[in-house]
Amino acid sequence: MKRYSDIIVIGAGASGLAAAGKAAEKGASVTVLERNEKAGKKLYITGKGRCNLTNNCETRDFLSNVVNGQKFLQSSLYRFPPSYTVELFESLGVKLKTERGNRVFPVSDKSSDIIKALKEYATANSELVLNERVTDIKKVSETFEIKTERGNVFESAKIVIACGGKSYSSTGSSGDGYTFASRLGHTVVKPVAALAPIKLRTSVSAIEGLSLKNVGVTVSGDGFSESGFGELLFTSDGVSGPVPLTLSSLINRKNLKGAVLKIDLKPALSDEKLDIRILSDFQKYSNKQLKNALFDLLPRSLIPFIIDYCRLNGENAVNNITRKERERLLNSLKGLSFEIDSLYGIEHAIVTSGGVSLKEINPTTMESKLVKGLYVVGETLDVDALTGGFNIQIALSTGFAAGESAGGSINNG
Ligand SMILES: Cc1cc2nc3c(=O)[nH]c(=O)nc-3n(C[C@H](O)[C@H](O)[C@H](O)COP(=O)(O)OP(=O)(O)OC[C@H]3O[C@@H](n4cnc5c(N)ncnc54)[C@H](O)[C@@H]3O)c2cc1C
């Protein structure tokens, strides 16, 4: 037997729960189908388990952190800005705090509190069906027929695809949303990793785990160059941390063949000033070996790596270092360069870039321009932003916008 609802939402992540709650508020009958045994599995791991819910900034500043979909997101973000999210969660009993860079977290530092509140909001007037993976969607005249893995069939006047992207698939987002949208006639921009660590061709395993603060990083390649400043972490085969993650989102649609990542270890010093600084350290440690003369300049674990990188002999006494050798040291401190291999795979990306083409979606309502009654929200869309609470807010804003439109139009007949 088919079960009918006005609206069926596929996926109980941030975007699906927001859409369901808003549509039900408007008086529509809503059913949410979620493949997992619980709602919000990805939200649980966000912000290292603390959930960076949103970014408490003006919409204009928010949009400058959006990498793909800036123009598209304007309407939903002005209608449902971060302040709307903050008010909603506080009204649901979650105390929030704002940290460095306007990042909003629950005071409890527990993402489970965010999930609990959002689930409460979504299911106050709608039904949530768990362990129900949708496998097929068909439009049959004016209604949608939705089939699930367990053999159940649902029917609705409208559907909201809120299946997320393709990264961290163990949380449920394995790309089903793209398959459904494409079967219904939509263009899907190739999903690629965003906010992902960068793999390097040179081995950096010797400095794995080393974290550098206040460094300048530039990635450049065929026709592009992007720079950032801040923190970087060496992994076993590449770099991660805030700056590389941001840069990964800016270069993920570029051809990375031959691309180079350059680290300026001393961005506050010009070449001349750094040379004076090196000379003064060499004077201070004039009787020491080179490997014991760089402690004031570099973290200990980086010293042997840099000496190797510059092809210098660490056993050499400092007063034997030639001008040319000093120059090599200076150049590597100002531009430690590595050839980029690739970005880590989409599975390890914090968000997926790419997705349902924005040209085919109404930016105010999230309704498809091709299929009446079909809505697409959250990471399934070709939108992505930098870290800082922007991605969850995008999921919520697009979800609210779809819920308001789908629920409102049901109510108005
Ligand atoms: C490790 C990590 C940390 C992050 N930290 C932050 C952060 O602190 N702040 C921030 O803003 N962003 C963060 N993000 C990004 C953010 O979590 C996502 O952008 C956001 O959750 C996307 O919401 P969504 O609703 O579009 O998708 P999802 O949250 O992925 O939800 C999609 C839901 O659809 C369900 N589903 C999929 N296919 C089907 C199907 N066929 N049938 C039924 N159900 C289905 C899935 O099981 C899932 O529950 C982080 C991401 C990761 C991986």
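Visitor: Which helix gives the largest share of the shell around the ligand?
Guide: Helix 12 does, with four residues of that shell. Please note that this is a predicted model.

Visitor: Which helices each supply at least two residues of the shell?
Guide: They are helix 1 (14-25), helix 2 (41-45), helix 7 (176-183) and helix 12 (390-411).

Visitor: And which residues come nearest to the ligand?
Guide: Of the 35 residues around the ligand, the nearest are Ser15, Glu34, Asp176, Glu379 and Ile392.

Visitor: What is the make-up of the shell by class?
Guide: The shell has 14 nonpolar residues, 14 polar residues and seven charged residues.

Visitor: What lies 2.7 Å from a nitrogen atom of the ligand?
Guide: That is a polar side-chain atom of aspartate 176.

Visitor: Which polar backbone atoms face an oxygen atom of the ligand?
Guide: A polar backbone atom of alanine 162 is 3.4 Å from an oxygen atom of the ligand. For glycine 389, a polar backbone atom is 3.5 Å from an oxygen atom of the ligand.

Visitor: How much of the ligand does the protein bury?
Guide: The protein buries 95% of the 1000 Å² that the ligand exposes when taken alone.

Visitor: Let us turn to the whole chain. How many helices and strands does the secondary structure come to?
Guide: The chain has 12 helices and 20 strands. Its C-alpha trace spans about 85 × 40 × 35 Å along the principal axes.

Visitor: What percentage of the residues is buried?
Guide: Of the 413 residues in the chain, 54% are buried.

Visitor: Now helix 5. Which of its residues are buried?
Guide: In helix 5 (residues 82-91), the buried residues are Pro82, Thr85, Val86, Leu88 and Phe89.

Visitor: Why are they said to be on the same side of helix 5?
Guide: They are on the same side because the arc they cover around the axis is only 165 degrees. Glu87 and Ser91, on the other side of helix 5, are exposed.

Visitor: What comes just after helix 5?
Guide: Glycine 93 is found there, with a positive phi of about 95 degrees.

Visitor: On to the strands. In which sense do strand 5 and strand 6 pair, parallel or antiparallel?
Guide: Strand 5 (residues 96-99) pairs with strand 6 in the antiparallel sense, over four bridges. Within this pairing, threonine 98 has valine 104 in strand 6 as its bridge partner.

Visitor: How many residues are between the two strands of that hairpin?
Guide: Three residues stand between strand 5 and strand 6, and glycine 101 in the turn has a positive phi of about 70 degrees.

Visitor: What about strand 3 and strand 6, how many bridges there?
Guide: Two bridges join strand 3 (residues 54-55) and strand 6 (residues 103-106), again in the antiparallel sense. Arginine 103 in strand 6 stands opposite asparagine 55.

Visitor: Which residues other than glycine have a positive phi?
Guide: Among them are aspartate 109, with a phi of about 60 degrees, and serine 141, with a phi near 45 degrees.

Visitor: Where do aspartate 109 and serine 141 lie?
Guide: Aspartate 109 lies in the loop between strand 6 and helix 6 (111-123). Serine 141 is in the loop between strand 8 (134-140) and strand 9 (143-148).

Visitor: Why does serine 141 count as exposed?
Guide: Serine 141 has a relative accessible area of 62%, and exposed means over 50%. Aspartate 109, at 28%, is partly exposed.

Visitor: Next, serine 173. Buried or exposed?
Guide: Serine 173 counts as buried, at 6% relative accessibility. Its place is in the loop between strand 10 (153-161) and helix 7.

Visitor: What does the side chain of serine 173 make a polar contact with?
Guide: The partner is the side chain of lysine 42, at 3.0 Å.

Visitor: How many residues apart along the chain are serine 167 and isoleucine 346?
Guide: They are 179 residues apart along the chain, while their C-alpha atoms are separated by 5.3 Å. Isoleucine 346 lies in the loop between strand 17 (336-343) and strand 18 (351-356), and is partly exposed with a relative accessible area of 23%.

Notes: Residues are numbered from 1 along each chain as its sequence is written. This is a predicted model: local features need pLDDT of at least 70, side-chain atom pairs count only at pLDDT 80 or more; totals for chains, interfaces and linings use all residues. Side-chain values use heavy atoms; hydrogens and water are left out. A residue is near a molecule or strand if one of its heavy atoms lies within 4 Å of it. A polar contact is a pair of N or O atoms within 3.5 Å; within protein, one must be able to donate a hydrogen and the other to accept it, and residues adjacent in sequence count only if both atoms are side-chain atoms. Accessible areas come from the Shrake-Rupley method with a 1.4 Å probe; for residues, only the protein chains shown count as cover. Ala, Val, Leu, Ile, Met, Phe, Trp, Tyr, Cys and Pro count as nonpolar, Asp, Glu, Lys and Arg as charged, and the others, Gly among them, as polar. Two strands pair if DSSP finds at least two bridges between them. Buried means under 20% relative accessible area, exposed over 50%, partly exposed in between (1.4 Å probe, protein chains only). The arc is that of the directions from the helix axis to the C-beta atoms.
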